[in-house]
Amino acid sequence: MVPQEKRDRLAAILRECESVAIGYSGGVDSVFLARVAVEVLGAGRVLAVTGKSDSVASWMEDTAREVARDFGIPWLEVETREMDDPRYAANPNNRCYFCKSELWGRLASVARERGMKTVLDGSNADDVGDHRPGAVAAAENAVRSPLLEAGLTKDEIRAWSHELGLPTWDQPAAPCLASRLPYGIAVTPRRLKQVETAELALRALGFRDFRVRHHGDVARLEVHPSEIGRVPGHRREIDAAVREAGFRRVLVDLQGYRRGALNEGLAASQLVQLGSFA
């Protein structure tokens with residue numbers, strides 16, 4: 001259950017904002033925020049804005065569009081051009097700063113054009129203390145984080161989303177495709193497409209919580225521990241699909257999917273080549 005005081009606090013924060021443009025990725029947090037904002041402020045004072053770029057998975061874009069349609073959330077898609085910024089493309093460990101600077105700058109312009117007073121993001125209480133360069137860009141652009149301000153955790157947001165009937169309530173985390181590339185490997189449309197193609201194939205096989213990490217010719221597959229036992233049974237399909245995406249080898253990380261793996265290198269003791277499964 002979500003404490004009533006947090007529910008009341010979120011509503012009060014949204015009313016303070018008066019009218020809002022929300023960075024709306026199609027993920028759990030931003031979908032929830034947009035849905036509650038419409039309930040509190042009315043659809044005429046809410047605009048959910050999705051940034052369209054090569055770094056956003058197509059299925060996330062589809063989710064954003066479909067939920068907005070089904071729940072009466074005013075929605076706009078704008079093109080973002082972070083790929084044109086060489087600082088972003090170089091993929092430093094503060095890459096997200098340059099991406100979010102582009103996104104929030106565009107949303108600020110949209111908000112001014114549409115007469116929306118406040119730009120919002122979906123950061124929540126569990127995000128505090130994580131490595132989040134994008135939060136710096138948000139602060140520089142006066143972006144507010146109502147879920148964080150209300151003290152709502154991810155589990156509480158999922159529970160409340162379930163109450164509201166949102167299909168995203170149990171959706172796994174889905175950061176941008178660039179997060180599959182280790183820092184220092186240049187972000188290019190081709191590499192992002194390779195990752196997306198491989199991940200779409202795994203989604204089609206029924207896997208939910210996983211990542212395909214890009215290491216040049218090698219794809220490192222991280223699957224959540226609860227699902228990793230299914231991998232051997234789909235060995236041939238996974239191997240064929242990931243190779244078809246443009247990788248030469250597929251490795252399975254036996255530690256499974258976990259947050260923070262972006263900062264890890266290829267550790268041979270933790271990897272097994274997919275073709276070695278019996």
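Predicted model: local features only at pLDDT ≥ 70, side-chain atom pairs only at ≥ 80, totals over all residues.
Two elements, helix 9 (189-204) and strand 5 (210-215), each contribute at least two residues to the lining of the largest cavity.

When neighbours within four places in sequence are left aside, the contacts of Arg211 are with Ala173, Ala174, Pro175, Arg180, Glu199, Arg220, Leu221, Glu222 and Tyr257. The side chains of Arg211 and Tyr257 are joined by a polar contact of 3.1 Å. Ala198 lies 13 residues from Arg211 along the chain, with a separation of 9.4 Å between the two C-alpha atoms.

Helix 9 also takes part in the second largest pocket, which has a volume of about 160 Å³. This pocket is lined by 14 residues, of which Ser53, Asp54, Val56, Ser58 and Glu196 are the closest to its centre. Strand 2, helix 3 and helix 9 are the elements that supply two or more residues to the lining of the second largest pocket. The greatest contribution comes from helix 9, with 4 residues. By class, the lining of the second largest pocket comprises 4 nonpolar, 4 polar and 6 charged residues.

The largest nonpolar core contains 31 residues. Within this core, Leu10, Val20, Ile22, Tyr24, Phe32 and Leu152 have the most contacts. At least two residues of the core come from each of helix 1 (4-17), strand 1 (20-23), helix 2 (28-41), strand 2 (46-52), helix 3 (58-70) and helix 8 (154-163). Helix 2 makes the greatest contribution to this core, with 9 residues. Strand 2 and helix 3 thus supply residues both to this core and to the lining of the second largest pocket, by the element boundaries assigned here.

For Leu152, residues up to four places away in sequence are not counted; beyond them, Leu152 touches Val2, Lys6, Leu10, Phe32, Asn124, Ala125, Leu147, Ile157 and Trp160. Two of these partners, Leu10 and Phe32, are likewise listed with the most contacts inside the largest core. Another core, of 15 residues, lies apart from the largest one and includes Val223, Ile238, Ala245 and Val252.

A further buried position is found in a loop. Asn91 is located between helix 4 (86-89) and helix 5 (95-114). The relative accessible area of Asn91 is 0%, so that Asn91 counts as buried under the 20% cut-off. The side chain of Asn91 makes a polar contact of 2.6 Å with the side chain of Arg95. Apart from neighbours within four places in sequence, Asn91 is in contact with Leu181, Pro182, Tyr183, Gly184, Ile185 and Val187.

Note on methods
Residues numbered from 1 in each chain as written. Heavy atoms only, no water. Core = buried A, V, L, I, M, F, W, Y, C linked by side-chain atoms within 4.5 Å. Buried < 20%, exposed > 50% of the residue type's maximum accessible area, 1.4 Å probe, protein only. Contact = heavy atoms within 4.5 Å. Polar contact = N/O pair within 3.5 Å; in protein donor to acceptor, adjacent residues only side chain to side chain. 1 Å grid on protein atoms, 1.4 Å probe; cavity = no way out; pocket = protein on both sides within 12 Å on 5 of 7 lines; lining within 4 Å. Points joined across faces, edges and corners; volume = space filled by probe spheres on them. Nonpolar A, V, L, I, M, F, W, Y, C, P; charged D, E, K, R; others polar.
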